[in-house]
Amino acid sequence: MELRVVKHPLMDDKLTLLRDASTDQPTFRRLVDELVTLLAYEATRGVRVREVNITTPVAETTGTRLAQPAPLVVPILRAGLGMLDGMLRLMPAAEVGFLGMIRDEETLMPATYAERLPQDLSGRQCYVLDPMLATGGSLGEAVKFLVGRGADDITAICLLTAPEGIDNMHTLLADLEIPCTLVTAAVDECLNDVGYIVPGLGDAGDRLYGLAANPLPGTSHS
């Protein structure tokens, strides 16, 4: 797995505001949207394209369009939904699938509880959206799920990551024989004793959407 940490003064400014506990919910949502668009610029550097012939108002020329099949964007429910608009703003021709991951409280292993994806992803580039890479279990299993459907090139986009999660992703994906890339705005210090990223930004899902009345167990952070 290739790790890309994207550094830019504008991203650092937005990320600082995102971390601040005093940032209100509407501002938090806007910042996530803006950060994802900036991250997506780097994450899509290797998107597949094809040459096309077009006619400008002046002359004929050759240009570039996205190749088919179209890239598939996959937000991991629920927090990944907050990243979807920012991604589609940059790549509106992409298709969208959805994947819900949950951790079994007895085995502590992640499992899929919901999905809306094509059965056959052969030849597809997939872009997985998940704000926080903490332990890496859910995101790693999501990538393996997509590979099992035939995806042959996967990029995960996370706002923040923890070293423990990155190490776990390397282990989980070591046997995959396809390109896998992780794009993030920052690698933080560590996980605390309850699995939150430090310094982090808290629970991304709650800060995006509010505290769910009946949250699914194990879904507060990845």
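In which hand does helix 4 pass helix 5, left-handed or right-handed? The crossing is right-handed. This structure is a predicted model.

**Helix 4 and helix 5**

- Helix 4 covers residues 137-148, and helix 5 covers residues 163-172.
- Their axes come within 9 Å of each other. They cross at roughly 30°.
- Angles under 35 degrees count as roughly parallel, so helix 4 is roughly parallel to helix 5.
- Helix 4 brings Gly137, Leu139, Gly140, Glu141 and Lys144 to the contact. Helix 5 answers with Asn168, Met169 and Leu172.
- Sorted by class, this contact of helix 4 with helix 5 has 3 nonpolar, 3 polar and 2 charged residues.

**Helix 1 and helix 2**

- Helix 1 spans residues 9-19, and helix 2 spans residues 25-43.
- The two pack at an angle of about 150°. Their axes are 10 Å apart.
- Angles over 145 degrees count as roughly antiparallel, and helix 1 and helix 2 are therefore roughly antiparallel to each other.
- Helix 1 passes helix 2 in a left-handed crossing.
- On the helix 1 side, the contact is made by Met11, Lys14, Leu15, Leu17 and Leu18. On the helix 2 side, it is made by Phe28, Leu31, Val32, Glu34, Leu35, Leu38 and Leu39.
- By class, the contact of helix 1 with helix 2 has 10 nonpolar residues, no polar ones and 2 charged ones.

**Cysteines**

- How many disulfides does a search of the whole structure find? It finds 0.
- A disulfide needs two cysteine sulfur atoms within 2.5 Å.
- Take Cys126. The closest cysteine sulfur to its own is in Cys180, 10 Å away, which is too far for a bond.
- Cys126 is also buried, with a relative accessible area of 1%.
- Now take Cys158. The closest cysteine sulfur is again in Cys180, here 13 Å away, and that is too far for a bond.
- Cys158 is buried as well, at a relative accessible area of 0%.

**Cis peptide bonds**

- The bond from Leu77 to Arg78 is cis, with omega near 0°.
- Arg78 sits in the loop between strand 4 (72-77) and helix 3 (84-90).
- The bond from Val198 to Pro199 is cis, with omega near 0°.
- Pro199 sits in the loop between strand 13 (197-198) and helix 6 (204-209).

**Thr64 in strand 3**

- Strand 3 runs over residues 60-66 and includes Thr64.
- Is Thr64 buried or exposed? Its relative accessibility is 53%. The cut-off for exposed is over 50%, so Thr64 counts as exposed.
- Leaving aside its neighbours within four places in sequence, Thr64 is in contact with Val49, Arg50 and Val52.
- Thr112 is 48 residues from Thr64 along the chain. Their C-alpha atoms are separated by 37 Å.

**Ala111 in strand 7**

- Strand 7 covers residues 110-116, and Ala111 lies in it.
- Ala111 has a relative accessible area of 35%.
- Ala111 and Met132 are 21 residues apart in sequence. In space they are 18 Å apart, C-alpha to C-alpha.

Methods: Residues numbered from 1 in each chain as written. Predicted model: local features only at pLDDT ≥ 70, side-chain atom pairs only at ≥ 80, totals over all residues. Heavy atoms only, no water. Buried < 20%, exposed > 50% of the residue type's maximum accessible area, 1.4 Å probe, protein only. Helix = DSSP H or I, 4+ residues; strand = E, 2+ residues; numbered from the N terminus. Contact = heavy atoms within 4.5 Å. Axes fitted to C-alpha atoms, helices over the stretch in contact; angles between N-to-C directions. Parallel < 35°, antiparallel > 145°, perpendicular 65-115°, else oblique. Left-handed = near helix turned anticlockwise from the far one by under 90°. Nonpolar A, V, L, I, M, F, W, Y, C, P; charged D, E, K, R; others polar.
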